[in-house]
Amino acid sequence: MMYQRVLEQQALNKELDRWTDGHNVFGTLKFINGYITQEDKADLIHRKFWQSIDRTWYPSTAVKKGIRISRVCVKHFGMSGENIHYHFTAKATDKDTFIKTAQAIWQNTDKHTGNIEITSIRDRKDAYHYLAHEYVKVGSKTLDERTTHWNIPQFNELDYKNISQVRRLLKATESNRDTF
């Protein structure tokens, strides 16, 4: 079984190489206490976070057409196997704004959310290998298919850079002004 999981992990890494092409940020989403946070509750909070990110970055009409921030999301449980948290890579067209917005949205998503860390990717291969490093232990539930969106329809980013987007971004970050 272990050998089969290693082969599956290698295959996943090949796909992650393709899926993370162009991604420039790596993030970690933690809970106040990942040891006691129920997995189904954590999954719900994680989905709500990404729905809010997409809806803040793009108008609802675009999101309904499948336009989202390109990302790959995984669920990890840490060395103990009990500390639930999430990692992601994403393509952020404006890294600074994305980081500030994501921090504000994560902090306001639920009372159970904890730290969020987002950094620039220096080595994409290291980043996607890290995404898959718990696969052998956890299996296929590592990849969060509900929140991963890598095959985004072609669109012009400039079509959505307008005053409405600025308002949505300001509203998201202003609600968390005290944390900056």
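This is a predicted model: local features need pLDDT of at least 70, side-chain atom pairs count only at pLDDT 80 or more; totals for chains, interfaces and linings use all residues.
Residues are numbered from 1 along each chain as its sequence is written, and side-chain values use heavy atoms, with hydrogens and water left out. Helices (H or I, at least four residues) and strands (E, at least two) are DSSP runs, numbered from the N terminus.

**The sheet**

Select the four strands: they form an open sheet in the order β2-β3-β1-β4, with antiparallel pairing, where two strands pair if DSSP finds at least two bridges between them. The edge strands are β2 and β4 (113-120), each of which pairs on one side only. From one strand to the next, the twist averages 15°.

Now colour β3 (residues 85-90), which pairs with β2 in the antiparallel sense over 6 bridges and with β1 (residues 25-31), also in the antiparallel sense, over 5 bridges. Click on Phe 88 in β3, which is the bridge partner of Cys 73 and also of Gly 27.

**Strand β2**

Select residues 71-76, the strand β2, where 6 of 6 residues are buried, meaning under 20% relative accessible area with a 1.4 Å probe and protein chains only. In a regular strand the side chains alternate between the two faces of the sheet. On one side of β2 you will find Arg 71, Cys 73 and Lys 75, and on the other Val 72, Val 74 and His 76, all of them buried.

**The helices on the sheet**

Show helix α5 (residues 124-131), which lies across β1, β2 and β3 and runs at about 150° to β3; angles run from 0 to 180 degrees between N-to-C directions, and axes are lines fitted to C-alpha atoms, for helices over the stretch in contact.

**Where α2 meets α4**

Finally, select helix α2 (residues 39-57) and helix α4 (residues 95-109), which pack at an angle of about 135° with their axes 10 Å apart. That angle makes α2 oblique to α4, because angles under 35 degrees count as roughly parallel, over 145 as roughly antiparallel, 65 to 115 as roughly perpendicular and the rest as oblique. Display the side chains where the helices are in contact (heavy atoms within 4.5 Å): among them are Phe 49, Trp 50 and Ile 53 in α2, and Phe 98, Ile 105 and Trp 106 in α4.

Conventions
Buried means under 20% relative accessible area, exposed over 50%, partly exposed in between (1.4 Å probe, protein chains only).
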